[in-house]
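This report is written for a reader who is meeting the structure for the first time. Please keep the sequence and the model in view while reading.

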Amino acid sequence: MNSSSTSKTLLFWFSIVLLGVMLWKLVSNPGPSADNISYSDFMEMVGKNEIRDAHIYLEANSVSVNAALRDSQRHVSTTLSQGDLPDLKERLIDSGASVEYANVKSSDWVLLLLNGLPLLLLVGFCLFLMQRVKRGYWKTAQSGLAKTRTGIGYDLHRLEEGRPLIVGGVELPFDKGPVGHSDGDVLAHALCDALLGAAGLGDIGTHFPDTDPQWKGANSLLFLEHAKRLLADRNFSIEHVDAVVVTEKPKLGPHFPKMREALAKALGVSSDKIHLKAKTNEGVDAIGRGEAIAAHVVATLSSR
Ligand SMILES: [Zn+2]
C-alpha cells in the first residue's frame, strides 16, 4: 500500500468515526440534566424565590417544568396537571422568575432538524468522498499528469511485386506489396507495438504469433482493435501517436487523411490524435532500392 492510498484510507475512516461521534451525540444528548422533584417541593422552592427561570412544556395531558436555580448550576424538573398551571405561572412571576413556554413535540422536531442538517451535509460529503476514492480521483489528482507513458514501435517488411500495398489500413495503388504473415501493414504493426509497449503489455508477436494460422492474411486493423481493448481494460487512454513511414515509393502524403481516419476508427480515438509523416531513404539501403518499407511510431498514453 503506497502513501496516497494510506492517506485515502485514513481520511475515509476519520470521516466515518467523526460521523459516528456526531450521531452518538445527537442521539444521546438529553440537554441540561435536571433533578426530578415533586410538585410540592418545587412550589416550596418557588416560595423561597430559589427559581431563576422556568421552561414550561405543554404536553398532551400534563405540564412539565424544567427550571434553573438562582444560586447554583443545578436544574430541577417536575410534572403537574394542566389545572395547576395558572397558579404556578402566577407564583413564578411573583417570585421574579422568568417564564418561557415551549411545546415539547415541536421543539423536539426543531431541535432534531437543527442538529440533523449538518449531519445530513456530513453524510453527503462522506458519500461524495467515498465515490471519489472509488473512482480513483485522488490517485490522479495527487500525481497530476505523472501517469503518462510512452511506447516506441518499429516494423519493416520486404516488398515483392504483385502483392497489395496496405499502409495504415488503406490499400495504395502500387506494383509491389509487403511480404508478411498478415496483410503486412508496417504502420499498423509499429503502432500496435508502440501502444503495447507504453502499456507494458509486450509486443505484437506476444498477442498475435505469426505461427497462428488465424492471423494469415489478417487485416492488421484487427490487431489495433485488440490493443484498444487491452488498453481500456487497464484504464489507459491514447493521448497521441506520432509516426514516420519510410519508403522510397509511392508518395504517401496524399493518402494520410484516409490512413489517419482508418487508424483512429480502429483505436476509437479522434483522428487529430494520429500524426503521420513520410520519408524516403534517399536511395540508400534496401528501403532506398525499393525492396522494403518500414515504420517508426511513438505512442503516448495516460491512465485514468
Ligand atoms: Zn509487420
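The model is predicted, so local features need pLDDT of at least 70 and side-chain atom pairs count only at pLDDT 80 or more, while totals for chains, interfaces and linings use all residues. Residues are numbered from 1 along each chain as its sequence is written, and side-chain values use heavy atoms, with hydrogens and water left out.

**Cysteines.** A disulfide is a covalent bond between the sulfur atoms of two cysteines; here the term is applied to a pair of cysteine sulfur atoms within 2.5 Å. Searching the whole structure gives 0 disulfides. Cys126 is buried, with a relative accessible area of 6%, and Cys192 is buried at 0%. Buried stands for under 20% relative accessible area, exposed for over 50%, and partly exposed for values in between (1.4 Å probe, protein chains only).

**Aromatic pairs.** The whole structure contains 4 aromatic pairs. Rings of Phe, Tyr and Trp (its six-membered ring) pair if their centres lie within 6.5 Å; planes under 30 degrees apart are stacked, over 60 edge-to-face, and the rest tilted. Two of the pairs are tabulated here.

| Pair | Type | Centre to centre | Angle between planes |
|---|---|---|---|
| Phe125 and Phe128 | stacked | 6.5 Å | 25° |
| Trp215 and Phe223 | edge-to-face | 5.5 Å | 80° |

Phe125 and Phe128 are 3 residues apart in helix α4 (residues 104-134), which separates them by about one helical turn. Helices (H or I, at least four residues) are DSSP runs, numbered from the N terminus. Phe125 is partly exposed at 45% relative accessibility, and Phe128 is partly exposed at 38%. Trp215 and Phe223, by contrast, are buried, and together with Phe208 they form one aromatic cluster.

**A pocket.** Phe208, Trp215 and Phe223 are also among the residues that line the second largest pocket, as are His157, His181, His189 and Asp210. A pocket is an open set of points on a 1 Å grid over the protein atoms alone, with protein on both sides within 12 Å along at least five of seven lines; lining residues have an atom within 4 Å of a point. The lining of this second largest pocket has 5 nonpolar, 6 polar and 1 charged residues.

**Helix α2.** In helix α2 (residues 39-47), the residues Tyr39, Phe42, Met43, Met45 and Val46 are buried. They lie on the same side of α2 because they cover an arc of only 155° around the axis, taken from the directions from the helix axis to the C-beta atoms. The face turned away from this buried side carries the exposed residues Ser40 and Gly47.

Note on methods:
Helix = DSSP H or I, 4+ residues; strand = E, 2+ residues; numbered from the N terminus. 1 Å grid on protein atoms, 1.4 Å probe; cavity = no way out; pocket = protein on both sides within 12 Å on 5 of 7 lines; lining within 4 Å. Nonpolar A, V, L, I, M, F, W, Y, C, P; charged D, E, K, R; others polar.
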